[in-house]
Amino acid sequence: MSTVDKQLETVRAEIAEEVPPDISISDVKYEGPELVIYTRDPKKFARNGDLIRRLASKLRKRITVRPDPDVLARPEDAEERILEVIPEEAGVTDLEFHPETGEVVIQARKPGVVIGRHGKTLREITQEVGWTPEVVRTPPIESTTVENVRNFLKQEREDRRDILERVGRQIHREPMSDDEYVRVTTLGCCREVGRSAFILSTPDTRILVDCGNKPGATEEQPYLQLPEALGSGASTIDAVVLTHAHLDHAALIPLLFEYGYDGPIYCTEPTRDLMGLLTLDYLDRAADEGRTPPYDSEMVREAIKHAIPLEYGDVTDIAPDVKLTLHDAGHVLGSAISHFHIGDGLYNVAFSGDVQYDDTRLFDGAVNDFPRVETLVLESTYGGRNDYQTDQEDAERKLIDLVTETYDRDGSVLIPTAAVGRAQELMVVLEEAMREGEIPELPVYLDGMIWEATAVHSTYPEFLSDDVRDRIFDEADNPFLADAFEHVEGGDDERESIADGDPCIVLSTTGMLEGGPARSWLEYLGDDADSTLAFVDYQAKGTLGRRIQNGWGEVPVDDGTVDLEMDVQTLDGFSGHADRQGLENFVRTMNPRPDKVLCVHGDESASQDLSSGLYHEFNMRTFAPQNMETFRFI
Ligand SMILES: [Zn+2]
């Protein structure tokens, strides 16, 4: 008998002690990080409201109870009764029954109403019909991404269950080594922005944190071939953790499956969906530019199939000696600081991913309270000595002035921006400014994937700031559905006629002008001295955006070049990144404060400045590592 089976037998005995004798336990299994208990008495289980919670705290595991398939009410009968239990106002749009696991997926416009206070309505459903309900939100703005991901996962449900069972056994295997060490190897994004990737290793476990590309450089990838990384085979990695969906963190996640990786990707649910959206677009753009992409769309589907979504704050076993907790990073939808607890109190490492410490319109600022943390791996995008940004209020004022001045000149405003993050922040600001009459009511054209990314934001309001979340909950007030916003769907002809028409605002990908429709907009608006080009995103070295910021006047477009006559402005307060002050504040108020900080994900001078600044200010050990360094902490 394997060690996992032995362990499950013990768990089963412990469950039997806790569960009243009239409730049968037919099977106990691991599925990913969860313990799944099968019973012939799901209704009695549900009636015993406290039982699951008691079991979870006794076994220190996340627990799901599922009915034995042969005790279930027939889906046709169950559907009727479920709809009777759920209040009308929940707006149920779909019920989907999975007899092989006894689960029913309920899609509703107001999932909170389906769940009920402390899960009361969910328990009532099980008491009535025996099925285990799972609730998802009906996207308020139709989202192809969310629909595709959900349909795909539905179709792959069997396969996915096999994956989860395999992962579950991996996680709960017996540790093999008596040795103790904790190491981090840097595979990219050190003294540079882009290609984020780290290996966190112990004698028993190897975890890859992020796997991104480098904007502006098509060939440079993380150093995955190192023996510490995938050099000894992708299957030697136990788990992948993805902090957020931006391509400089996520673009090469699907490539891992091409290399033979077959394990879990831990991330939040919106990160999973946005990763799908952004990596598929990454492949399209590679094809448009005549490059051979490093993987195909099949690998994106593999990545989605292997994703295990976690909620902020859930402590999750991901290896015999590692627990992972994701915390809100305040950077983009679903972004997470990844906190690893290693061994039984042995060591704690947190990877910031990208962080914004201040509250923004869209997100609460990053969490920096942890039970323990000895080492912090911290981004340094704006870590340079002089990298101070305008505060949000001033930035908004500048945006309003800039739009008004441009409008008075009869010009248009082009804002290149990443589809995920600043675009939605700007939408909220522009919607309010128009509503309050601070700027004229202009059409705001959303190009590239901004519309679709916005639809994904609307699907996950729980991940947004209270204000925007409440407005989305109150369907009539969803800021993203304001009349001013128009989706560009007609290609270059439509762009050209919009550019020739009345003044407007254009939000278009990509944020650093590396390809994407923003390049076409430059072709049509570039030589118009009355119009304004406004940068709101960080412009990495080597990108066209950075060159224009540095004064480039001739811009390459599809056929030839355009003399750039537009007024070029940089609005630096809309960033999803903490500035130097924000990074210092993040560390200053961090609870507890770490012993060591590795400053990564910044240009060389920014990382070094931040490292020496934190050292002088807080008297902690700080580093600005290079790529391919290994740190041993224990
Ligand atoms: Zn990012």
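Q: Quick one on H601: is it buried or exposed?
A: Buried. H601 has a relative accessible area of 3%, and the cut-off for buried is under 20%. Keep in mind that this is a predicted model.

Q: Where in the fold does H601 sit?
A: H601 is in a loop. That loop runs between β26 and α22, and α22 covers residues 604-618.

Q: What about the phi of H601?
A: The phi of H601 is positive, at about 55 degrees. H601 is not a glycine. Most residues other than glycine have a negative phi.

Q: And N619, what is its phi?
A: N619 has a positive phi of about 55 degrees, and N619 is not a glycine either.

Q: Which loop holds N619?
A: The one between α22 and β27, where β27 spans residues 621-623.

Q: Is N619 buried or exposed?
A: Exposed. Its relative accessible area is 66%, and exposed means over 50%.

Q: Let's switch to the metal. Which residues hold the zinc ion?
A: H244, H246, H331 and D354 coordinate the zinc ion. H244 and H331 use NE2, H246 uses ND1, and D354 uses OD. The distances are 2.2 to 2.3 Å.

Q: What's the geometry of the site of the zinc ion?
A: Irregular. The angles among the 4 donor atoms run from 89 to 165 degrees.

Q: What would the ideal tetrahedral angle be?
A: For four tetrahedral donors, the ideal is 109.5 degrees.

Q: How are the zinc donors spaced along the chain?
A: The pattern is H-x1-H-x84-H-x22-D.

Q: What does the pair H331 and D354 tie together?
A: Parts that are 23 residues apart in sequence. H331 lies in the loop between β14 (322-328) and β15 (336-342). D354 lies in the loop between β16 (347-351) and β17 (375-379).

Q: Are H331 and D354 buried or exposed?
A: Both H331 and D354 are buried.

Q: New topic: cavities. How many does the structure hold?
A: There is 1 cavity of 30 Å³ or more. The largest cavity holds about 80 Å³ of space.

Q: What lines the largest cavity?
A: It has 14 lining residues. F198, S352, G353, V377 and V600 lie nearest its centre. β17 gives the most to that lining, with 3 residues.

Q: And pockets? How much space lies in the second largest pocket?
A: About 860 Å³. The second largest pocket is lined by 43 residues, with P215, L247, D248, R285 and M512 nearest its centre.

Q: Which element gives the most to the lining of the second largest pocket?
A: That's α12, with 5 residues. Two elements give two or more residues: α10 (247-250) and α12 (269-288).

Q: Where are T510 and P592?
A: T510 is in the loop between β21 (505-508) and α19 (517-525). P592 is in the loop between α21 (580-588) and β26 (596-600).

Q: Last one: T459. Where is it found?
A: In helix α16, residues 450-459. T459 is buried, with a relative accessible area of 1%.

Q: What does the side chain of T459 reach?
A: The backbone oxygen of A455, at 2.9 Å. Leaving out residues up to four places away in sequence, T459 touches R137, P139, P140, V146 and R150.

Definitions and conventions. Residues are numbered from 1 along each chain as its sequence is written. This is a predicted model: local features need pLDDT of at least 70, side-chain atom pairs count only at pLDDT 80 or more; totals for chains, interfaces and linings use all residues. Side-chain values use heavy atoms; hydrogens and water are left out. Donors are N, O and S atoms within 2.8 Å of the metal (3.2 Å for Na, K and Ca); water is not among the atoms, so sites may look incomplete. Four donors count as tetrahedral if all angles lie between 85 and 135 degrees; four count as square planar and six as octahedral if opposite donors are over 155 degrees apart and all others between 65 and 115; anything else is irregular. Helices (H or I, at least four residues) and strands (E, at least two) are DSSP runs, numbered from the N terminus. Buried means under 20% relative accessible area, exposed over 50%, partly exposed in between (1.4 Å probe, protein chains only). A polar contact is a pair of N or O atoms within 3.5 Å; within protein, one must be able to donate a hydrogen and the other to accept it, and residues adjacent in sequence count only if both atoms are side-chain atoms. Contact means heavy atoms within 4.5 Å. On a 1 Å grid over the protein atoms alone, a cavity is a set of points where a 1.4 Å probe fits but cannot get out, and a pocket is an open set with protein on both sides within 12 Å along at least five of seven lines; lining residues have an atom within 4 Å of a point. Grid points are joined across faces, edges and corners, and a volume is the space filled by probe spheres set on the points.
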